[in-house]
Every structure is written in structure tokens, then in C-alpha cells.
Amino acid sequence: MSEERRPSPELVGPSDLHQTATELADWLLLIQQMLKSNIVTVGDKEEIHTTIGRLQVTKSDLEQRHPQLEHIITLAQNIKNKTSNLDVRTSISEKRDQWDGTQHGVEARLLQLECMIGHSDQWEEQRHKVKALIGQNEMRLHNLLQLSRDRGLDFFRGVDFTAVCVIRASDRQAALDSELKSLQVCLRELESFLKWLHEAETTVNVLSDAAQREELSQDSAHIKELKGQLGLCEHLLSKVIRSAEGDNNLPRFVRFFKCMCNCVCRAHLEASAERWNRLLSVLEELGYWISVKDEELNKQMPIGGDVPTVLQQQTHCTALRAELKEREHLVLSTLDQAHMFLADQPIEGPEEPRKNLPEEKAQRVAKAIRKQTAEVGERWERLMGHAGTWQEQVDRALDKLQDLQSSMDQLDLRLAQAEELKAGWQPVGDLLIDSLQDHIDKTTAFCDEIAPLKQDVRAVNDLAGQLTPLDVQLSSITNRQLDNLNMRWKLLQAAVEDRLKLLREAHRDFGPSSQHFLSTSVQLPWQRAVSPNKVPYYINHQSQTTCWDHPKMTELYHSLSDLNNVRFSAYRTAMKIRRLQKALCLDLLDLSVAQSMFQQHKLTVNSQQLTVPEVINCLTSVYDGLEQDHKDLVNVPLCVDMCLNWLLNVYDTGRSGKIRVLSMKIGLLSLCKGHLEEKYKCLFNQVSSAGETCDQRQLGLLLHDAIQIPRQLGEVAAFGGSNIEPSVRSCFQHVTNKVELEPSQFIDWMRLEPQSMVWLPVLHRVAAAEAAKHQAKCNICKEFPIVGFRYRSLKHFNYDVCQSCFFSGRTAKGHKLNYPMVEYCTPTTSGEDMRDFTKVLKNKFRSKKYFAKHPRLGYLPVQTVLEGDNMETTLQREYEQLRQQHSQPGVGAAAVSGAPEEADLLAEAKLLRQHKGRLEARMQILEDHNKQLESQLYRLRQLLHQPTKSVPNQSLLQCCLEGYFLCRQ
């Protein structure tokens, strides 16, 4: 056997050491078993040599593995030095003793086998000598027999003349044989007499002993008489034997002497028979009493299953053992008397024909006493052992049952206390919503308090299980009590779990973070429901359809279609957002209040994903504050539900139930009220780093979330599309391509109203113009006073247009669309009137060609969605090419005559080109939306194949169609 590879001490842990030590101990145990079972035949040298070879291999393995033992002991010694555990020290000593014992056993067995080889050699040598000697003697015997046979034949052939002498010798031989037979008969008679005499002597000795025990030895005269008679018998016997020597009548004298002795001893035997009969009766009574007590003890079995029964059994067992102790002296003394009597009795031989002699009666009494003594002794020993064993079993069972009963009583008391507290619980339906969390905490604390009862229940069941090895079957009462305790514990556990579950569900459905209070945001036939990811959807029981959008939100989206006749996209988008802002009551939300809400809910990590309940919690805190200031305007459930619906439409179109913190903050800040530049700064702070600067990536995040607002309304094409990279590049080009942007630089760039964010300042102007009244009359529709925006012409004096006419593109005679105009969202001052008068006076001296060459843009343009050249530059280049073609020879007159109309054509072409670009950009947006619709329809098909899923199926299709129609608008 090869030595096993040993790991280094640093790599061996306690578990590896224990495993290695266990394997070594098993190997040593196997060797010890082999030594015990290795039996050889004395004289079989081949078998002995084979066994010696195996033991030498085992000894070699022990020597090879001895370093492993030392290694294990060294590691164990290190562990022992580090710990005070006595088990480690004991294990080290046991392993070393086991090794030494095994090695000593192998060496001793080898020495024994080597000695056995020597003894086998000696035995084999002696066996050969004896065999040779026997062979020689057999040969000599055979030769002697052959020689004697030959000599006998030669002798009888030579002595035929002596036949007469032989006949005479035969007669003499017959006479001698007759005398010999007579002598042999006499000897047999004498031997029979001596045997009888020995029995008589034994009987006399027994009678003497009995007489001494019966205190009859005081009668000295009677004893002297008996001794005299015995001496007379002995003298007479010796005289008869002397006188009978050489006499052939010895048998007759022997018989005479027997009769005489029988006559002498018969009286003594008959006198003592009554005493031995009394001893026999006492033994029979004891045997009967022992049998009765044994039956009573057997009737007490098995051990009872409750404490009162076992106590009764213990009392009975104690009384029985006391009674046995009291009778022990009588039983033992009686058995001693019987044993003393039987010790002097001869061993019983084969039964002979009964002659009803006193000796035979005494033998029968002795036989009965012997039998009864054996039975009484055996039954007594069995009863004593049985009583002792039964007492131990009863005591152990009583201890276990008392422990079990005590544990059950304590458990019953603690369960009763817990059930009493449970009985005082109010139904969950009767609790106040505000107290749900307190009840959850109390129930959780109660659950922790009763947790130790589980260990008590387990301990009680373990104690009951420990009675099975003792052959104790619990009584029906104890079993019912044990089952009752287990059932009460299970019911208590289930009641606590059910209540905790109901409380948590109620807190989830009706608590502060629940959506239950939002169910009042809709009216019949609508019903608000929640999907598994907590996203709300709405069921119309009348049409049996579902949708993602709130009914009021759907109506709002349909009402926004009235604003599609506004020609200018920035104003059209701003007016839609304004209507949405007022519907969501965000026009009442102050900028500082929104920031306080962000701090209150610790919305500092912009990348954090907020769940729908978390968003609802934030919105609820906002609208609760607004309700206190505007009770008549703010309906908290409706506003929270509508605002949540809008945020999901903008930032979670797939209804995943997650919204980024930054997205929610950008959405709320964009639609709340406040000073425009403060809003710019606040938006910048949401993405800025610790040094109040932001890089291109952070600015991109801000612009991306902001552009989603017009994108959800289908107006993103006019603001550069969803690609915000041109806007980021424009902003950093404005600051000469610095690495980071400062707040003031961002505000300066926003003042230029970049194309991607122009809708935000326009939204503020729209909000400001709603309550403005201008003391002017619209030159087109004749409205007076003008409410809202007022547009004054800088080409003509006293030419004003209201916002309705301006947005619809209506003009009066003599006024072109490309003429400069100034916008007022508040009533004008005298200074503004004087400034406009001066500008009109200057423009009077400018031609139409000047206005065509110097168009004015209301925003800072960026590249288009397709990242092409500037739209105005492309239009001007194409117009110049057309003009050169028309200015060729032969068409000069026509060109000259059309010169006054060049400006009108250029303006109209510009408008058409803008409209075409807008349509192409919107077509691109529609293609993106179509892709989204395809993905949503694919999801819809999957949901239709999964009828068990609770997310509304029809709402996806309706949401997709509404998005499609919004894009078409």
C-alpha cells in the first residue's frame, strides 16, 4: 500500500483533519478485526506462512503511515493549544492509543505465529517418530502372533500321550469353577449389603442433622440409645463377617442383618417423614404465592400513558418490592433447609419396582422437595429480577411523563395568554387607515413574541417521542391534550400570518402609498384597475373595453386637436402644453415647492428608477399642498391620476412601471410656474455636477427628457426631432467649445430660444398672454379689445392682428405675411409705442426685396432632423438657380416684368419649403411611431395568447391607435 499524499499543515482545516483522522481510525479498526478473525490450523505450516506474510505487509503499512499519524497528531496538537475543548484532547489520546494497540497486536500475532512454526516442526518430528515406533511394534506383534501359532501346533502334535491327564485335570477344574461361582455370589451379596449400609448411614446422618435443626438434640438419652444400637449393629456386623469367613452361608447372614437394621431405622424414618412433608408443603405454598405475585405484576403491564396511571403503577411496584423484601428471609431460609436436606441425599438412579418401604418413601419425599425447591428458586429469582426491571422502567417513564406534563402545562399557559391577546384584535375592516402601519408593527412584534413557542412545541413533541423506546403508549387523554396543543399552535400561527397578510394588503391597497384613493378619479361606467407591475389602466364596463389612458386624459387629447389649425409649430405646441398644464393643475405648482418635494423624497440619484407607487407618493405630497391653497381647483385623486398618466405617456410608453428620477423632475419642472430664467437655472441644476457645471452628456440627458414633452404631442419635428445632438453641439459652440458648461452660459444660450427648447419660453408667453387685454382693434376680424397675443405691424401704421387671425395665417389687403411684426403678450407702454412708430417709419423706406432678403427667425436655428444644411440656405440657393434660368436671353422682358413679384414668390416658396420640411420630418416621426406600434402589436398578440395575464389587452391597441392618430395630427 502506497503512502497517501498529505496536504500541508497550512492548508488543512479542522474539517479536513477530522476526516483524515476518521479514515485512519477506520483503517486501524479494520486491522484489529482482521487480527481477531485470522485463525490458523496448528501444524499447517503453509497457512501459517501465508498469514505471517499478510501480517508483515500490514506491519509495513503501519510503518509507512506512521508519519501520517505524527502529522495528524501535530495538527491536532496545534488545534489543542489554540482551544480548550476537552474533546480535542481526548480524541488525540484515543487515536494514539488505538495506533499503539494495533501495532502491538500485529507484532504479538507475528511472534505467536513464529512460535507456532517451531511447535509445528517439533510436533511433526514427534509424529514421525511415533508413527515409526507404532509401525515397528505392529510388525513385532505380527511376528509374535505368527510364531506362537506355529509353536502351539508343534506342541500339541507331540503330546498326544497325555490325554488321560488332561481329562482328570478337567474334572478338578469343574469343581474349582463351582466354588468360584459360589464365592462370586457371596461377594455380590456383600457388595449389595455394603451399598445398603452406606445408604442407611446417609439416612442416619440426615436424620441427625434434622434432629439438630429441630432442637431434638437435647434428648441425650434417646441419642445414646440410637448410638448404642448403631454400635451394636456395627459390632454384630463385624462378628458376622469374621465368623462367616470361609463359610458358604454368608448371604443368609447378610440378609438377616439387613432385616434387623431395617427394623431399627424404620421407626426413625417414619418419625421424620412428617417434618419433610411440612417442608414440602411450605415450598408449595411459597411457589403458589410467588405465582400469584407474578400474575399481579404482569397485570400492571404495560406502562400507563399518563402521570396518574404511572403513579399508581409505581405505588403498586413499591408495595410489591416491600412485600418481597419482607418474605425474602422466609424464602431463603426455606430454600437453605431444602438444599441442606438434598445435599445429603444420594443421586437418583433408575427407578426400580416400588416395595413401599420407608426408604422408598423418603426418596419420593426428597424427589418432590428437590423439584419444588428448583421451581421456587427459579420463580423467586425471576420475580425479583422482573420487579427490579419493572421498577426501573416505571421510574424512567414517570420522570419522562412528568417532564412532558410540565412542559405541556407551561405551553398551554403561554398559548392561552397569546390566544387572549389574539382575541382582543379588531377586525381589519374596522381599523382606521392611518393606524394600519401601527397594527402591522404590533402584529409583527406579537409574531416575534410567540416565536419561542415553536421551540416549546417542538420540545413537547420530542419528549413524547422519547417515550416510544420505553414502550410507553400515551393515553387518550394525553394524546388529545398533545394534539390540542399542536392544533392551537398551528391555528395561532395561521391567524397571525393571515392578519399580517390582511394588514399588509390593506396598507398596500388603502395606505398612504396605495392607489386605492385614486379609484375615485373616475366615474361610472369607468373603473380604475392596477396591473401586476402597479401600472393603472381603466375599464369601461359599458363598452367592455380597457385602455391605458384616463378617460379625462383621452378627452383632453381629443380637445387638443382644435389647436392643429395654428400655423406656427412653436405656438401650437406651447398652447397644447398650456392646456395640458392647466388640466393637470401644474400651473398652480410653484417652482420652489417642486424643489422642496424633490428634497423631501430624497430624489437625488437621477438614474434611480421610481416605481408607480413611489411616483404616486411624490405626486400626492405635491397635490395635497396645492389642495390646501386651492381647494376649489384641485381634486387630489383626479390630479394625481392624470399627472401619473401623463408622466407614463411621456417617459414610459411601454408601461414597464418604471420612471427615472431625472425624467420625472424634468417633466414637473417644465410645466410648473415660476420665472423663466429661474426655471432654466433649476433645470440646469438637476443635471449639473458638484461643481455646478455640466458636460455634453449631462446636457444631452436634460435636453432628451425635455424634448419628450413635445414628442408625446406629435410636435417634435418642428424642434429638430428627437436627435438632441445638434442642440448640444449648438450650446457648446456658443461657449467656444468648452469642456464644461456653467449655469450663466446655459441661461444665455436659452435666452436665444434654441429650436429644440423654443416651446418652453413660448409656453411662458402663452401663459402670460391669457389674461392680457390690449386697447386695440384687430384689422382683420375687428375684435376689440384684443385678448391674448397682440401682433403689431412694423410696415404699416395702426395695423394690429389678434392671435386667432395671426395663428390661422389670415391677412388684410395690402399686408404680406413676410412683413415684420412685433408680438405683445402684455399691454404696451408708451415707450414701446414710440419705438414701434420709429421702426414703422424706417420700414416705410425699405422695399419688399429687402424684407425678402432679410427674413427674421424667432428662434436660434439648429440643423434639421436629417442633419442637412440650413433650410433657408438651401431655399435661397435653389431660388438663385431658378432665377438664372429665367434670366437667359429671350426671356428678359418676362424677367423684368416679373421683378416686383420676386419677393412674393420667394416668400411663398419659403413657406412651402418649410411646410415640406416639416412634413418630411413628421413623416420620419411617424415611421418611428409605426415601429413602436408594430412592437406594441407584437406584444398584444403575445398577451392575447396568455389569457391569464391581468394586464389589459384592449388597452394596448387603443393606446397604440391614439398614439397613431396623435402622430397623424
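Start your tour by selecting P785, which sits in the loop between β6 (773–774) and β7 (786–787). The names of helices (H or I, at least four residues) and strands (E, at least two) come from DSSP runs, numbered from the N terminus. The peptide bond that joins F784 to P785 is cis, with omega about -15°. Stay in the loop between β6 and β7 and pick K782. K782 is not a glycine, yet its phi is positive, about 65°.

Before moving on, a word about what is on your screen. This is a predicted model, in which local features need pLDDT of at least 70 and side-chain atom pairs count only at pLDDT 80 or more, while totals for chains, interfaces and linings use all residues. Residues are numbered from 1 along each chain as its sequence is written, and side-chain values use heavy atoms, with hydrogens and water left out.

**Stop two: another cis bond**

Go to P525, in the loop between α10 (476–510) and β1. Colour L524 as well: the peptide bond from L524 to P525 is cis, with omega near 10°.

Now select β1 (residues 526–530) and β2 (residues 536–540), which pair in the antiparallel sense over five bridges. Two strands count as paired if DSSP finds at least two bridges between them. Strands of a sheet pair through backbone hydrogen bonds, either parallel or antiparallel.

Which residue of β2 is the bridge partner of Q527? Look for I539. The hairpin of β1 and β2 has five residues between the strands, and K534 takes a positive phi near 70° there.

Four residues lie between β2 and β3 in their hairpin, and Q544 in the turn has a positive phi of about 55°.

Next, show the side chains of β2. Are they buried or exposed? Five of the five residues of β2 are buried, where buried means under 20% relative accessible area, exposed over 50% and partly exposed in between (1.4 Å probe, protein chains only). P536, Y538 and N540 point one way, while Y537 and I539 point the other way. In a regular strand the side chains alternate between the two faces of the sheet.

**Stop four: α11 against α15**

Select helix α11 (residues 551–559) together with helix α15 (residues 636–651); their axes come within 9 Å and cross at roughly 60°. That angle makes α11 oblique to α15. Axes are lines fitted to C-alpha atoms, for helices over the stretch in contact, and angles run from 0 to 180 degrees between N-to-C directions. Angles under 35 degrees count as roughly parallel, over 145 as roughly antiparallel, 65 to 115 as roughly perpendicular and the rest as oblique.

Which residues of α11 meet α15? Show K552, M553 and Y557 in α11, then L638, M642, N645, W646 and N649 in α15. Contact here means heavy atoms within 4.5 Å. By class, the residues of this contact of α11 with α15 divide into five nonpolar, two polar and one charged. (Ala, Val, Leu, Ile, Met, Phe, Trp, Tyr, Cys and Pro count as nonpolar, Asp, Glu, Lys and Arg as charged, and the others, Gly among them, as polar.)

**Stop five: K602**

Jump to K602, in the loop between α13 (591–600) and β4 (609–611). Phi of K602 is near 55°, a positive value in a residue other than glycine.

**Stop six: α18 against α19**

Pick helix α18 (residues 696–712) and helix α19 (residues 725–734), whose axes come within 9 Å and cross at roughly 130°. The two helices, α18 and α19, are therefore oblique to each other. To see the contact, show Q696, L699, G700 and L703 of α18 with S727, V728, C731 and F732 of α19. The contact of α18 with α19 has five nonpolar, three polar and no charged residues.

**Last stop: a three-stranded sheet**

Finish with the open sheet of three strands in the order β9-β8-β10, where the pairing is antiparallel. β9 (800–802) and β10 (821–824) stand at the edges with a single partner strand each, so one side of each is left without a neighbour in the sheet. From one strand to the next, the twist averages 25°. Zoom in on β8 (residues 790–793), which pairs with β10 over four bridges. Opposite R790 you will find Y824 in β10.
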